[in-house]
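Hi,

Here is the structure I promised to pass on. Please have a look, then read my notes below.

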Protein chains: 2
Amino acid sequence: MVWAVKMRQGIGVYEASERIQAVTPVLGPESVLLGEAAGRVLAEPIFSSRQLPPADNSAMDGYAVHSADLVDASEGEPVRLPVVEEIPAGAGSSQRLQPGAAARIFTGAPVPEGADAVVRQEDTRSEDNQVWVTVSVKPGENVRDAGEDIQLGDQVLGGGDSLGAVEIGLLASLGRSMVRVHRRPRVAILSGGDELVEVDGDVRGGRIVASNSYALVAACRLLGAEPLYLGISEDRPESVEEQFRAALDSDCIVSSAGVSVGDHDHVRPVLEKLGCELDFWGVRMKPGYPLAFGRFEEAASGVAGRGPLVFGLPGNPVSANVSYNLFVRPALLKMMGYSTCFRPVIRARLMESLRKKPGRMHFVRVILENREGIWEATSTGNQSSGALSSMTRADGLLVFPEEAEELSAGDEVLVQLLGDAPAGEMALGF
Amino acid sequence: MVWAVKMRQGIGVYEASERIQAVTPVLGPESVLLGEAAGRVLAEPIFSSRQLPPADNSAMDGYAVHSADLVDASEGEPVRLPVVEEIPAGAGSSQRLQPGAAARIFTGAPVPEGADAVVRQEDTRSEDNQVWVTVSVKPGENVRDAGEDIQLGDQVLGGGDSLGAVEIGLLASLGRSMVRVHRRPRVAILSGGDELVEVDGDVRGGRIVASNSYALVAACRLLGAEPLYLGISEDRPESVEEQFRAALDSDCIVSSAGVSVGDHDHVRPVLEKLGCELDFWGVRMKPGYPLAFGRFEEAASGVAGRGPLVFGLPGNPVSANVSYNLFVRPALLKMMGYSTCFRPVIRARLMESLRKKPGRMHFVRVILENREGIWEATSTGNQSSGALSSMTRADGLLVFPEEAEELSAGDEVLVQLLGDAPAGEMALGF
């Protein structure tokens, strides 16, 4: 199920990435309840329909006062005020505070009309319904103004903002129980080859599990896309066609090869028959040369709009994973509305020398360690494309440029982070 | 629902973190199907029950041969061999390859018994059932040995490894359709205060949405924990007790306050009545001083084992979020089996000067920008504890040490990253 080797030259990594991103659509909006919105990307700007705090309120536990009453207050000569009411948070006062009076108030409670400051509890003594204030306060002291954090009509979030916990809390505080977000891509995942079996299959006779599909389903889940697993097709055109037809109403098809190539490749003719325009078949990189990309001219339904993108990943697990990270993942993130689609790249100091032939960009699996603010990159060792276990140990992919032949120990190199960032140089001393 | 101000001194940030981590349990294992295992943490080491590749197999499309037959082969004097069979990947050969013969073979297909090398298709010409080979090959050339990537009995993953896409693919390739992982914590989320309403509630009279709870539910979902939303209790002991009782069979209770404190606090007596041992009530930090932590002596059922951890977060949204990130999130990750529980910390250059009083560690919301490998940190501006919108813009929390009073522009500072890492200094040129 690889159609790659047909075109030996391939295109460069940057060009491949640009071509993919250029035709990848941002998916349209849908409305979701706030409880389902975490991890999604806003498809609308959010303007505040309320002010926060909703009213002038106390920043302290203490007493709401007229500041003019306390101009001469001091430890030696405290000012005595009658306490005319107690204002709990959330209730608000029904009456105006008259000059010469105080109201007991708690943090967050609305300051009563008339009052212009709050005296901290620590600066008072109280007895019965009276309070002795030992300090003067400025107008506005210990009062948080209505609208101090957010004013009516403020834009608080923008279209394209991703919704983490903080944003969800912010939307809740504005009373937004439904928001418009970008749709999640449905990703059809399929593979083909008579040597492939499912995870519970019989592997005698050199057969292997279609493990790339399982990895892709997991990757989609972790990313927030919707995987649609279509199984393994046989090495017959009818079987391959049936599988691709089932994938046509997805947003993106990710097909992964068995290990066989060449004579057993029925994918390309099937794709052409179904109306897929293949853009390229190989990328000058290692691991992962055989990478195909295309898209369907129109949606399966025949209605306006384009059909799914198609990625044909190499069968080799490491190649498939590197290709997924470099090309498929950014496309899915763009579909989901993210503006930052690529994994972060950091500078690191190479701890060993590396050699290769020119003509392909190599992505070397490396372990990163931080020493006093400098990242040090060391190869995971076995860079064989089959060594998936080396991928589990890697923190990032060192970018060994296409035309370079040697990198020396001590060179500054670029490393694209894989998965979560490594733990950082320290855990805050904890 | 804050019991914090009762103990004015509080403890230090590091000590709080250590005390929490010291008593946080790693949750026991459960078995899950591979399709549900992404994002979980292994509770068992995985040893390989197969070797990968399963058999000696071809690294190329070409012909399996006896290398001894080709010692004298060259472009000028190609060696002719009869092609006795074609071996597709996944099928395997049923017969031994005799000296003086060749077998057509494809990448990944098992090399037939007898053959010791593969000649690349490019180095041959074929006609009818014969092939002319124009190069000599060394024994083992273009053959990937059985077990080259993984041998029978190899430990491929360890207990405590988290399962990303690569690990799921690796487990699939070994035929593991079920694995033992650490249980996900059930997190009871509750809040209290008469000023609080749900997202669709009436906010007249200074009432506000219990937005912290919505943020916490989202944070749990994004982290992979199981939120259990218990709503808002009233400012009456019976209501608070009812809510905590409903939370008792969780693994962790996160209670968040309204804005009121002091006289309206029914939480502490209720917790004591229900058997919760409170460890501390305040942490010397800003934002977020009023933070309570404790745990129940025994599980609700009365059977062996401890009851849930209890976190009492401040009502202020920014304080609640910072406290969540510093204390609750690492505890939940430890429960889930992660060994790296704290967010990464990076070094940055401060772009402005900052002042504060000594005695509390401040966490200043900053935006990070990378200039030629150096991170530059700039305050988000409004550091008011209410300004949740400043939190949505922050890339990290600058650590302003407890006893420090001033940081100057140009100083090297530590910044704990929030949420996803910022985009890195470049997107690989894409």
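In which loop is Pro88(A) found? Pro88(A) sits in the loop between strand S5 (79–87) and strand S6 (102–105) of chain A. Helices (H or I, at least four residues) and strands (E, at least two) are DSSP runs, numbered from the N terminus.

Before the rest, some housekeeping. This is a predicted model, where local features need pLDDT of at least 70, side-chain atom pairs count only at pLDDT 80 or more, and totals for chains, interfaces and linings use all residues. Residues are numbered from 1 along each chain as its sequence is written, while chains are lettered from A and ligands numbered from 1 in the order in which they are written.

Pro88(A) is buried, with 21 other C-beta atoms within 10 Å. (Buried means 20 or more other C-beta atoms within 10 Å of the residue's own, with C-beta atoms placed from the backbone.) Pro88(A) and Ala109(A) are 21 residues apart in sequence, and their C-alpha atoms are 5.9 Å apart in space.

Next, the sheet in chain A. Six strands form an open, mixed sheet in the order S16-S13-S17-S21-S20-S18. Two strands pair if DSSP finds at least two bridges between them. S16 (226–233) and S18 (276–280) of chain A are the edge strands; each has a single partner strand, so one side of each lacks a neighbour in the sheet. Neighbouring strands are turned by 20 degrees against each other on average, direction ignored. S17 (residues 252–257) and S21 (residues 309–313) of chain A run parallel and are joined by five bridges. In S21(A), Leu313(A) is the bridge partner of Ser256(A).

Helix H4 (residues 237–246) of chain A packs on this sheet, touching S13 (186–192) and S16 of chain A. Contact means C-beta atoms, placed from the backbone, within 7 Å. The direction of H4 makes about 170 degrees with that of S16(A). Helix H6 (residues 317–335) of chain A lies across S13, S17 and S21 of chain A, at about 170 degrees to S21(A). Axes are lines fitted to C-alpha atoms, for helices over the stretch in contact, and angles run from 0 to 180 degrees between N-to-C directions.

Last, chain B. Eleven of the 13 residues of helix H3 (residues 211–223) of chain B are buried, so H3(B) is largely enclosed by the rest of the structure. Among them are Tyr214(B), Cys220(B) and Leu223(B). Gly224(B) follows H3(B), and its phi is positive, near 95 degrees.

Best wishes

Conventions
Two residues are in contact if their C-beta atoms, placed from the backbone, lie within 7 Å. The expected span of a helix is 1.5 Å times one less than its number of residues. A residue is buried if 20 or more other C-beta atoms lie within 10 Å of its own, exposed if 12 or fewer, and partly exposed in between; C-beta atoms are placed from the backbone.
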